Each structure stands twice: as C-alpha cells, then as structure tokens.
Amino acid sequence: MCWSPTADITAGTVVSAVGIATLASVRRPRDIPLATLPLVLGFHQLVEAFVWRGELGQTAPGTAELARNIWAFIAFPLLPFLVPLGVLVAMWPQASRNRRIVLGGFFAVGAVVAGLLLDAMSSGVRAEIHGHTVQYAIGIPNPHPVIAGYLVATLGALLASGDRWLVRFGAVGAVGALVCGWLWTVEFASTWCALAALVSMLLLAWVRDPRTPPALGAADAPGRRPRLRLSVRH
C-alpha cells in the first residue's frame, strides 16, 4: 500500500487516528459499518509493514505469512463485502424502493466476489517486492471478471448511494484507483496509502456533516404518530 515499511507505518498510524475520530463521531448506529473503513485501512497499512519486512528477511517466516494472509483478507474478500454492505445499511431508511434494490444488487455482487476471493486465498498468498511496491498474488483462474465485479460492487454502491459525501468518495476512489493502479503496475511507487488517507478524510466529513440527520428517536420513527398528552387540573 506504501513504498516502504516506514511509509506504511507512518501512513497507517495517521489513517488509524482518522479512523478512531470517525467512529467517535458517528451519530447514527447504521453508519457504523461504513465508518469502520478508515480504521480498517489504517490497520491494513500497518500490517503491510510486516509484509515488507518478511520479504526482506527481517521477520520470522511465520510472522511474514500471517501478515500476508491478513493483508490479503482485508484487500480481497473483506472490502468488496464491507463497502456495499455499509452503504446499504447507512442509506436504507431514507432510500427509495428502487434505490434499495440497486444497492442490494451491488451488495450481492460484492458478496459473490468476496466468496470467490476467499476461496482463492485457500491456495496461499504470495508477495514479492518489485521496485518500490509489494505485489501480491492469489490463485484466481479467471481474474478479469472478478476484478470487474470488485470495482462494480465497491465503487458502484458509493456512486449510487445518493449521499453527496459518499458519491464524492466513490468518484475519488475511481480516479484514485486508476492513478494508483498505473503507478503500482509500472513499479514506480505504491500510492494506495495516500488514497486511503484521502477517502478516510471524506468519511470523517460524512459522519460529521451537520446536514446529516442524527438517528431517529422512538417517537420520531417513521410510522409512529406522536402522542398528545393532556394535563387537566381540578
């Protein structure tokens, strides 16, 4: 995710701090799944510092293998499951029926992709340093449809959310993924950590947005009529 173990530790610490602030700022319980994402991304980068050191022979083989598996679990099956699920849960109460169907479809795609990637991980996770990047590989026989489904599930759910901050998150994620993916492919530098920091700040702004209504109380819940109480004095 970053270009060196030190960069991963630094970026992971910063993003984790943003993640803690994001969770602490949550006002609606339904936002919690998506609000955990910055903390997950920060932890992800901290884990990769151990992957770097494992590939450099600076940690025990067992520690390096564990780090590779944790990194791969977050990057491959967890994110395409967590992101569309978080969007679906967060937007469900205020979404129209059609939007719920669309978001549910993105979640279904993400769940299928997550299952395929989790199964592929069972054959082992490989990591290798190339230039200023760490490149990972798992056994996916036909990766292109899986990659397409991954992007559709994660970015599609955000762009279809109808929430201005989440739509921005999806747009930034789409452009950032193209740029970071190209830089990573040519082995120039891994800049995913910068993208993780940027989208984490967008999620922090999302949960802190004063125009986002807080959770409804029992008396304000849809379908409930307020009770009129009369007080009569004799």
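Good morning. Two strands are said to pair if DSSP finds at least two bridges between them. With that in mind, let us turn to the strands of this predicted model. Glu-128 stands opposite Gln-135 in strand β2. Strand β1, residues 126-130, pairs with β2 in the antiparallel sense, over 5 bridges. As for cover, 4 of the 5 residues of β2, residues 133-137, are buried.

The protein chain has 8 helices and 2 strands, in the order α-α-α-α-α-β-β-α-α-α along the sequence. Of its 234 residues, 44% are buried. Taking the contacts between residues at least 6 apart in sequence, 72% join residues at least 24 apart. The chain exposes about 12,600 Å², with carbon and sulfur atoms supplying 67% of that area.

Next, helix α4, residues 61-91. Its 31 residues, at 1.5 Å a residue, should span 45 Å, and the end C-alpha atoms are 43 Å apart, which agrees.

Side chains of opposite charge can pair when their charged atoms come close. How many salt bridges does a search of the whole structure find? The search finds 3.

One of them joins the side chains of Asp-31 and Arg-28, at 2.8 Å from N to O. Both Asp-31 and Arg-28 are buried.

Another is formed by Glu-55 and Arg-68, whose closest N and O atoms are 3.5 Å apart. Glu-55 lies in helix α3, residues 37-55, and Arg-68 in helix α4, so the pair ties together parts that are 13 residues apart in sequence. Glu-55 is partly exposed, with a relative accessible area of 30%. Arg-68 counts as buried, at 17% relative accessibility, because the cut-off for buried is under 20%.

There is also a salt bridge between Arg-164 and Asp-209, with the closest N and O atoms 2.9 Å apart. This pair links distant parts of the chain, 45 residues apart: Arg-164 is in helix α7, residues 164-185, and Asp-209 is in the segment after α8, residues 192-208. Arg-164 is partly exposed, with a relative accessible area of 33%, whereas Asp-209, at 6% relative accessibility, counts as buried.

Thank you for your attention.

Note on methods. Residues are numbered from 1 along each chain as its sequence is written. This is a predicted model: local features need pLDDT of at least 70, side-chain atom pairs count only at pLDDT 80 or more; totals for chains, interfaces and linings use all residues. Side-chain values use heavy atoms; hydrogens and water are left out. Buried means under 20% relative accessible area, exposed over 50%, partly exposed in between (1.4 Å probe, protein chains only). Contact means heavy atoms within 4.5 Å. Accessible areas come from the Shrake-Rupley method with a 1.4 Å probe; for residues, only the protein chains shown count as cover. The expected span of a helix is 1.5 Å times one less than its number of residues. A salt bridge is a side-chain nitrogen of Lys or Arg within 4 Å of a carboxyl oxygen of Asp or Glu.
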